[in-house]
Amino acid sequence: MSFFFKSSPRPKWSPAELARVTKESFLALDTSTSAKAHEEVEKNIQSIRQMLSGDGELEPNEDHVSQLTLEICKEDVIALFIHKLPTLVWDARKDLVYCWSILLRQNIDSHYCCVEYLESHLELLDFLVVCYNNKEIALNCGSMLRECIKYPTLAKCILESNSFELFFKYVELPTFDIASDALATFKDLLTKNETTVSQFLISHYDQFFELYEKLLTSPNYVTRRQSLKILSDFLLEVQNSQTMKRYIQEVRYLKIMMALLKVFVANPNKPRPIIDFLVENREELLIALQKLPASKGEEDDQVEEEKGLIIEEIETISSLSKANK
């Protein structure tokens, strides 16, 4: 009566065979641009997707998933995924990006094989960053980068790479959807791995904030607003208290810091971390504000007025906090 039960069909290829034929089909694109060559690549990517995630009726075979992940790294298919991305059609790129997230999270014998592969081939991360310049694949590369950023070691590699500085240009690209995607990746880099970001900001303080100041003073209002929001997000992290204290005492960042503090204190529903920060750093904040030189002129009069309001609000918050203890 076994015919009543649906058994898992034998896969067309074993994981090792699938990795090998995929590699061969990608390499074939170097010598052939025919529709047939591209069709072969697309079919292989679909087969990888099916082996990794199942076919909608059957769950994926965990052993096959692990074996395929190992073989894809062993055969350098990971590198081909990235380098051949610009040659693929939209559907193939979509399937590849889907497979990418599954492959990265495969933990085999306590090793994230694909993550470790990328750690040993940092030029691939640089390639993904640079591809924001390619309108056809920018959004695909952005998705792949954000998957990479979920892993602290890869986030650290991107932050410390020469290509990281490109994000300060990408967030102001004229193509809105690409600029928005780059901003999302930029934000993840600065907010998703607190310890990694904290260490990066301490060791690259001057270089980073000189670049960041350009975003905060951009002629583009949206860039200024979003950059200020991201700045408040990562500076408020407990791990970044050392960087925050240094930043608030920088005279050159006076107007930026005033705007940042204004955002903090003007929020009627301040999150607990903001209140804690303002209370714990009350003395440093007040000293920094009170040391600011007196200003003249209409615009500077406004700065003086805002400074007074900020000082008053910080004092009020501190007093209320003490009363509630």
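Let's start with Arg246. Arg246 lies over the face of Tyr205, 3.7 Å from the ring centre. Arg49 does this too, over the face of Tyr98, at 3.7 Å from the ring centre. The rule for a charge over a ring: NZ of Lys or CZ of Arg within 6 Å of the ring centre and within 35 degrees of the ring normal.

A word on the source. This is a predicted model, where local features need pLDDT of at least 70 and side-chain atom pairs count only at pLDDT 80 or more, while totals for chains, interfaces and linings use all residues. Residues are numbered from 1 along each chain as its sequence is written, and side-chain values use heavy atoms, with hydrogens and water left out.

Next, aromatic pairs. Rings of Phe, Tyr and Trp (its six-membered ring) pair if their centres lie within 6.5 Å; planes under 30 degrees apart are stacked, over 60 edge-to-face, the rest tilted. The count comes to 21 aromatic pairs. Take Phe208 and Tyr212: their centres are 5.4 Å apart and their planes at 35°, so this pair is tilted. Both sit in helix 13 (residues 205–216), 4 residues apart, about one turn of the helix. Helices here are DSSP runs of H or I, at least four residues, and strands are runs of E, at least two, numbered from the N terminus.

Buried means under 20% relative accessible area, exposed over 50%, and partly exposed in between, with a 1.4 Å probe and protein chains only.

Phe208 also pairs with Phe234, edge-to-face, 5.9 Å centre to centre and 70° between the planes. Phe208 is in helix 13 and Phe234 in helix 14, so the pair ties together parts 26 residues apart in sequence. Phe234 is buried, at 0%.

Stay with helix 14, residues 221–235. Ser227 lies there. Its relative accessibility is 2%, so Ser227 counts as buried. What does Ser227 touch, leaving out residues up to four places away in sequence? Tyr212, Leu215 and Leu216. Contact means heavy atoms within 4.5 Å. A polar atom of the Ser227 side chain also lies 2.7 Å from the backbone oxygen of Thr223. A polar contact is a pair of N or O atoms within 3.5 Å; within protein, one must be able to donate a hydrogen and the other to accept it, and residues adjacent in sequence count only if both atoms are side-chain atoms.

Now helix 3, residues 62–74. Its 13 residues should span 18 Å at 1.5 Å a residue, and its end C-alpha atoms are 18 Å apart, which agrees. The expected span is 1.5 Å times one less than the number of residues. Val65, Leu68, Thr69, Glu71, Ile72 and Cys73 are buried in helix 3. Their cover includes helix 1 (15–28), helix 2 (35–53) and helix 5 (90–104). At the start of helix 3, a side-chain oxygen of Asn61 comes within 2.9 Å of the backbone nitrogen of Asp63. Just after helix 3, Asp76 has a positive phi of about 60°.

Last, cysteines. How many disulfides are there? The count is 0. A disulfide needs two cysteine sulfur atoms within 2.5 Å. The sulfur of Cys131 is 4.0 Å from its closest cysteine sulfur, in Cys141, too far for a bond. Cys131 is buried, at 8%. For Cys148, the closest cysteine sulfur is in Cys114, 9.9 Å away, again too far for a bond. Cys148 is buried, at 0%.
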